[in-house]
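The following note was prepared for a colleague who asked for a brief reading of the model.

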Amino acid sequence: MHLRSPRHLRIAAHAELVSLITMLANVFTVHLKPISSLMGPTHGCAYLFVVIATWRLQHVPAAAKVLAVVPGIGGLLALRQLYRVDTARAQTEEVNPA
């Protein structure tokens, strides 16, 4: 069984990080209200989507679920954890074929 992270989770994790970087760059430079108005809800929705999508996946280690709660980079950290678990399972199946 492969845990491969779903495509929607990868997209949301990247959207979460990009929206956070855009928000912070805007705040520390020109601070345009329209950018803040667009990126704030975008980041919030992407964050919630990542957390909920990670928690709904079956056979996910608790570490990935906890990492998904970290704002900004939690989605990417959770994806990394899922990749590690998937790689370890694939190696185990390769050594011990059923």
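**Notes on the model**

1. Val-18 is situated in helix H1. The model is a predicted one, and in it Val-18 counts as exposed, at 51% relative accessibility. The cut-off for that class is over 50%.

2. Is His-43 buried or exposed? His-43 has a relative accessibility of 12% and counts as buried, because the class takes in values under 20%.

3. Helix H2 covers residues 33-56, 24 residues in total. From its first C-alpha to its last, H2 reaches 35 Å, which is close to the 34 Å expected at 1.5 Å a residue. Besides His-43, the buried residues of H2 include Met-39, Ala-46, Val-50 and Val-51; Ala-53 and Thr-54 also belong to this set. The cover over these buried residues includes helix H1 (7-28), helix H3 (62-68) and helix H4 (74-95).

4. Lys-65 belongs to helix H3. Apart from neighbours within four places in sequence, Lys-65 is in contact with Thr-54, Trp-55, Leu-57 and Val-60. One of these, Thr-54, is listed among the buried residues of H2. Lys-65 and Leu-76 are 11 residues apart in sequence, and their C-alpha atoms are 12 Å apart in space.

5. Most residues other than glycine have a negative phi. His-31, although not a glycine, has a positive phi of about 50 degrees; His-59 likewise has a positive phi, near 60 degrees. His-31 is placed in the loop between H1 and H2, and His-59 in the loop between H2 and H3. What is the relative accessible area of His-31? The value is 40%, and His-31 is partly exposed. His-59, at 46% relative accessibility, also counts as partly exposed.

6. The secondary structure of the chain consists of 4 helices and 0 strands, in the order α-α-α-α along the sequence. The radius of gyration is 16 Å, well over the 13 Å that the globule rule gives for 98 residues, so the chain is more spread out than a compact globule. Taken along the principal axes, the box filled by the C-alpha atoms is roughly 60 × 20 × 20 Å.

7. Of the 98 residues in the chain, 30% are buried. Among contacts between residues at least 6 apart in sequence, 60% join residues at least 24 apart.

8. The surface and the charges may be recorded together. The accessible surface of the chain comes to about 6,500 Å², and carbon and sulfur atoms account for 69% of this area. The chain carries 9 positive and 4 negative side chains. How far apart do the centres of the two sets lie? The separation of the centres is 11 Å.

Conventions
Residues are numbered from 1 along each chain as its sequence is written. This is a predicted model: local features need pLDDT of at least 70, side-chain atom pairs count only at pLDDT 80 or more; totals for chains, interfaces and linings use all residues. Side-chain values use heavy atoms; hydrogens and water are left out. Helices (H or I, at least four residues) and strands (E, at least two) are DSSP runs, numbered from the N terminus. The radius of gyration is taken over C-alpha atoms; the globule rule is 2.2 Å times the number of residues to the power 0.38. Buried means under 20% relative accessible area, exposed over 50%, partly exposed in between (1.4 Å probe, protein chains only). Contact means heavy atoms within 4.5 Å. Accessible areas come from the Shrake-Rupley method with a 1.4 Å probe; for residues, only the protein chains shown count as cover. Lys and Arg count as positive and Asp and Glu as negative; His and the chain ends are not counted. The place of a charge is taken as NZ of Lys, CZ of Arg, CG of Asp or CD of Glu. The expected span of a helix is 1.5 Å times one less than its number of residues.
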